[in-house]
Amino acid sequence: MEKQPSETNYEKTKIEPKIYVASRADYNSGILHGTWIDANQEADDIYLEIAQMLNKSKQPNAEEWAIHDYEGFGPVEISEFESIKIISALGKGINEHGLAFSHFVQMVGTKDLDDLNNFNDVYIGKWDSLEQYAREMLDDFGLNLDDCVPQFIRPYVHIDIDSFAQDLKNDLFISEDGDGVYVFSF
């Protein structure tokens with residue numbers, strides 16, 4: 001089934017991914033000096049905020065920094081020294097597409113920024129469960145057993161939705177969280 005995700009399949013809740021960047025010179029001196037930075041901006045703007053934070057440090061030669069915390073990135077784990085270009089791409093993608101984008105990144109990884117541009121090509125949508133997606137898929141096919149099965153045998157004929165849904169995992173990338181399933185073609 002090849003269909004583009006509709007706007008209703010993107011999440012309505014606004015997610016604001018951000019990172020907490022700290023001065024390593026301060027940290028090594030036992031001082032916590034850092035700032036929360038919005039990830040939904042250009043990499044150069046993130047670097048500018050990091051430089052401003054480092055300039056406010058009371059430690060001499062405060063030039064190195066590290067990411068000490070993050071939030072709003074869904075299942076994607078951010079390393080202490082993650083590329084700011086990756087942080088920016090993730091922040092902008094999550095801002096535009098919601099957590100579906102972070103589930104996509106979990107699938108493709110962050111090694112190649114060009115891969116992150118393929119989201120709209122592979123995202124099918126979000127459903128409460130894989131079984132719900134399977135049911136909707138069958139509905140889209142226009143499959144109606146009442147139309148193709150004689151009346152006397154209808155009580156004995158059914159489609160095993162659970163098995164069909166499990167088989168879909170062989171052809172699709174499914175990412176689950178407590179909020180539902182995200183479905184991608186690959």
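**View 1. Pairing of β5 with β6 in the predicted model.** In this predicted model, β5 and β6 run antiparallel and are joined by 6 bridges. One of the paired positions involves Phe173, whose bridge partner in β6 is Phe184.

**View 2. The open sheet of β4, β6 and β5.** The sheet is open and has 3 strands, ordered β4-β6-β5, with antiparallel pairing. β4 (123-127) and β5 (172-177) are the edge strands; each has a single partner strand, so one side of each has no neighbour in the sheet. On average, neighbouring strands here are turned by 15° against each other, direction ignored.

**View 3. Helix α6 across the sheet strands.** Residues 130-140 form helix α6, which lies across β4, β5 and β6. Relative to β4, helix α6 runs at about 120°.

**View 4. The largest nonpolar core.** This core has 33 residues, and the members touching the most others are Ile19, Ile50 and Ile87. At least two core residues come from each of β1 (18-23), α2 (43-55), β3 (65-71), α3 (84-97), α4 (99-108), α5 (119-122) and β6 (180-185). The most are given by α3, which supplies 6 residues.

**View 5. Surroundings of Ile19.** With neighbours within four places in sequence set aside, the contacts of Ile19 are Thr35, Trp36, Ile37, Ile46, Ile67, Asp69, Tyr70, Phe73, Ile84 and Ile87.

View 6. A separate core of 14 residues has among its members Trp127, Ala165, Val181 and Val183.

Technical notes: Residues are numbered from 1 along each chain as its sequence is written. This is a predicted model: local features need pLDDT of at least 70, side-chain atom pairs count only at pLDDT 80 or more; totals for chains, interfaces and linings use all residues. Side-chain values use heavy atoms; hydrogens and water are left out. A nonpolar core is a set of buried Ala, Val, Leu, Ile, Met, Phe, Trp, Tyr and Cys residues joined through side-chain atoms within 4.5 Å. Buried means under 20% relative accessible area, exposed over 50%, partly exposed in between (1.4 Å probe, protein chains only). Helices (H or I, at least four residues) and strands (E, at least two) are DSSP runs, numbered from the N terminus. Contact means heavy atoms within 4.5 Å. Two strands pair if DSSP finds at least two bridges between them. Axes are lines fitted to C-alpha atoms, for helices over the stretch in contact, and angles run from 0 to 180 degrees between N-to-C directions.
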